[in-house]
Amino acid sequence: MLENIRIILVGTSHPGNIGSAARALKNMGLSRLVLAEPRTEIDGKSMALAAGASDLLKDVVITEDLKSAIADCSLVIGTSARSRTLSWPMLDARQAGRKLVAEASTGPVALVFGRENHGLNNEELQLCHFHVSIPANPEYSSLNLAQAVQLLTYETRMAFLEQEESVESEREAYPTSEQMEGFYQHLERALLKTGFIIQAHPGQIMNKLRRLFNRARPETAEMNILRGVLTSVERAADKSEQGDR
């Protein structure tokens, strides 16, 4: 999925920013860097600032303009300061990350950054489906290009990890209601056998234990372990009872 997320730098004029952006991408597990209409070449400074991400610079794609860079993308999000003259659907950084990850599962998507001095022009912004703005301090809102790339790729990675966790959670098998009832009956039987619950005066122990395990929501594998523990307790109680005789 992350390979479908394309980071595009438009009109970049400082080679160091290209290297720093590559480093930011690799930190967040991204690898697709595109330079659209660059005003500089990748040089030794780019490689130095990329640190361990020079492999991204070797695989960088260069296009003559933004339109060429996004031709096969189904979603394009452009970075922009909020504008009163160009009304466009706006996202915050977290929303942008989630939207990129959600749509990257079906094909290429792009996150676009503009020139260091004046960002994306209106024509380029109109090629984007959404604009994303970083709510920096209004008294000092100037962000270095690589800083902006790092912030937005971080949110993209967090959205990716969030989705991975959700998918992993869905894969976990949980016991059915019938299986849970079997566990509660087993639990009660074991507690009666050990004397923890008195048959004549059971009180609210089982109700409280039900609430505890319903809240914990054990997975099927965990439930099997608990059942094994209860069986072991029952056997120990049986041996103790036979010894007393």
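Student: Which residues does Val132 touch, leaving out those up to four places away in sequence?
Tutor: Val132 touches Ile77, Gly78, Thr79, Ser80, Met90, Leu91, Asp92, Ala93, Ala96, Leu111 and Leu152. Contact here means heavy atoms within 4.5 Å. This is a predicted model, where local features need pLDDT of at least 70 and side-chain atom pairs count only at pLDDT 80 or more, while totals for chains, interfaces and linings use all residues. Residues are numbered from 1 along each chain as its sequence is written, and side-chain values use heavy atoms, with hydrogens and water left out.

Student: What makes Val132 buried?
Tutor: Its relative accessible area is 2%. Buried means under 20%, exposed means over 50%, and partly exposed is in between, with a 1.4 Å probe and protein chains only.

Student: Where is Val132 placed, and how far is its C-alpha from that of Pro38?
Tutor: Val132 is in strand β7, residues 130-132. Strands (E, at least two residues) and helices (H or I, at least four) are DSSP runs, numbered from the N terminus. Val132 and Pro38 are 94 residues apart in sequence, and their C-alpha atoms are 22 Å apart in space.

Student: How do you know whether Thr63 is buried or exposed?
Tutor: Thr63 has a relative accessible area of 13%. That value is under 20%, so Thr63 counts as buried. Thr63 belongs to strand β3, residues 61-63. Beyond residues up to four places away in sequence, Thr63 touches Val34, Leu35, Ala36, Glu37, Pro38, Ser68 and Ala69.

Student: What makes the pair Thr63 and Asp65 a polar contact?
Tutor: A polar atom of the Thr63 side chain lies 3.0 Å from the backbone oxygen of Asp65. A polar contact is a pair of N or O atoms within 3.5 Å; within protein, one must be able to donate a hydrogen and the other to accept it, and residues adjacent in sequence count only if both atoms are side-chain atoms. At 3.0 Å, the pair is within the distance limit.

Student: Glu37 was one of the residues touched by Thr63. Why is Glu37 called partly exposed?
Tutor: Glu37 has a relative accessible area of 42%. Glu37 is in the loop between β2 (32-36) and α2 (44-50), and its phi is near 50°, a positive value in a residue other than glycine.

Student: And what makes Ala51 partly exposed?
Tutor: Ala51 has 39% relative accessibility, in between the cut-offs, so the label is partly exposed. Ala51 lies in the loop between α2 and α3 (54-58). Its phi is near 55°, positive in a residue other than glycine.

Student: Why does Leu191 count as buried?
Tutor: Leu191 is at 15% relative accessibility, under 20%, so it counts as buried. Leu191 is in helix α8, residues 177-194. Leaving aside neighbours within four places in sequence, Leu191 contacts Phe196, Ile197, Met206 and Leu209.

Student: What makes a pocket a pocket, and what is the volume of the largest pocket?
Tutor: On a 1 Å grid over the protein atoms alone, a pocket is an open set of points with protein on both sides within 12 Å along at least five of seven lines, whereas in a cavity a 1.4 Å probe fits but cannot get out; lining residues have an atom within 4 Å of a point. The largest pocket has a volume of about 720 Å³, where volume is the space filled by probe spheres set on grid points joined across faces, edges and corners. Its lining has 27 residues, with Thr79, Ser80, Ala81, Ser141 and Leu143 nearest the centre.
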